[in-house]
Amino acid sequence: MTQSIPLYQQIKQHILVRIESGEYPLHQQIPPEQELAGQFKVSRMTAHKAIRDLVQEGYLMRRAGLGTFVTEPKAESPLADISNIADEVRSRGHEYSNSVIVLEAMRANEEVALHMGMRLNSRVFHSVMVHKENGAPIQVEERFVHPTLAPGYLQCDFGQQTPNAYLVEHCPLSDLEHIVEARMAPANIGDWLQISPDSPCLLVTRRTWSLHQLVSFARLWHPGDKYKLRSTLKLG
């Protein structure tokens, strides 16, 4: 083994190469820690660290009493920023697509008016979309948009440009609020995400401002077992 690379990293690379080549296909069990430790002539703790890292990075999944298996890496979004979900998917080398469920003007109910900072029954733009990665749903986005600040929203072709891309282009971001909750999927969300009723989801509630004017309020639903959120903070 190459001595310049830490031993656990060499084991990680060994496993990743076999995952990427298909030698360890999706859902296949990998060799146990003890076997890997013997193969690479390292301690079991070193093999454990390699596998633990790959579990945390989303390549492997432990099943109690059964072993460790190859799993499909979770889609990931930054929590402290806004990125275009289409760009996220394509950056992973995958195909992005979406389905538009609702695109309309409506009257703000009490909840929407409160979040949007507008009067009850004010006119607001409303959209519901399902974002997909390689044809599989990964996010349901329900969004409410201030019509005065984004007047062309309902005319946008969201097959070519996501709501996020449109709003960033026309309403440069000045402020952002994220609230993250673990929630069970309502029936319609479960149908759109193709998950069973009451499956756990990550719900991100997002509000965005442009030049300190509130532009958009969105609910972003993600299947809990296929998505993760990441935040990086520099200290000092």
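**Entry 1: Contacts and overall make-up**

I looked up the contacts first, taking contact to mean heavy atoms within 4.5 Å. Of the contacts in the protein with a separation of 6 or more, 58% are between residues 24 or more positions apart. I note that this is a predicted model, in which local features need pLDDT of at least 70 and side-chain atom pairs count only at pLDDT 80 or more, while totals for chains, interfaces and linings use all residues. Residues are numbered from 1 along each chain as its sequence is written, and side-chain values use heavy atoms, with hydrogens and water left out.

I then looked up the secondary structure and found seven helices and 10 strands. Helices (H or I, at least four residues) and strands (E, at least two) are DSSP runs, numbered from the N terminus. The protein has 236 residues, and buried residues make up 41% of them. Here buried means under 20% relative accessible area, exposed means over 50%, and partly exposed lies in between (1.4 Å probe, protein chains only).

**Entry 2: Salt bridges**

I noted that side chains of opposite charge can pair when their charged atoms come close. I counted as a salt bridge a side-chain nitrogen of Lys or Arg within 4 Å of a carboxyl oxygen of Asp or Glu. The structure holds 11 of these.

How far apart are the closest N and O atoms of R143 and E141? They are 2.8 Å apart, and the two residues form a salt bridge. I recorded R143 as buried, at 3% relative accessibility. E141 is also buried, at 3%.

The next pair I looked up was E177 and R207, whose salt bridge has its closest N and O atoms 2.9 Å apart. This pair links distant parts of the chain, since E177 is in strand β7 (residues 175–184) and R207 is in strand β8 (residues 200–210), 30 residues apart. E177 is partly exposed at 25% relative accessibility, whereas R207 is buried at 17%. I also found one network, in which salt bridges that share partners join K12, K49, R52 and D53.

The last pair was E23 and R18, whose side chains meet in a salt bridge at 3.8 Å, N to O. E23 is partly exposed, with 46% relative accessibility. R18 is partly exposed as well, with a relative accessible area of 23%.

**Entry 3: H126**

I located H126 in strand β5 (residues 123–133). Is H126 buried or exposed? H126 counts as buried because its relative accessible area is 7%.

The side chain of H126 makes a polar contact with the side chain of E142, at 2.8 Å. A polar contact is a pair of N or O atoms within 3.5 Å; within protein, one must be able to donate a hydrogen and the other to accept it, and residues adjacent in sequence count only if both atoms are side-chain atoms. Leaving aside neighbours within four places in sequence, I found H126 in contact with V102, L103, E104, M106, E142, R143 and F144.

**Entry 4: Helices α2 and α3**

I noted that two packed helices are described by the angle between their axes and the distance between the axes. The axes of helix α2 (residues 33–40) and helix α3 (residues 44–56) come within 8 Å and cross at roughly 115°. Axes are lines fitted to C-alpha atoms, for helices over the stretch in contact, and angles run from 0 to 180 degrees between N-to-C directions.

Which residues meet between α2 and α3? E33, Q34, L36 and A37 in α2 meet R44, A47, H48 and I51 in α3. I sorted the residues of this contact into four nonpolar, two polar and two charged. Ala, Val, Leu, Ile, Met, Phe, Trp, Tyr, Cys and Pro count as nonpolar, Asp, Glu, Lys and Arg as charged, and the others, Gly among them, as polar.

I placed G152 in the loop between β6 and α6. G152 is partly exposed, with a relative accessible area of 24%. The C-alpha atoms of G152 and Y166 are separated by 9.2 Å, and the two residues lie 14 residues apart along the chain.

**Entry 5: Positive phi values**

I looked up Q194, which has a positive phi of about 60° although it is not a glycine. Q194 lies in the loop between α7 (187–193) and β8, and Q194 is exposed at 62% relative accessibility.

H212, in the loop between β8 and β9, has a positive phi near 70° and is likewise a residue other than glycine. I recorded H212 as exposed, with a relative accessible area of 62%.
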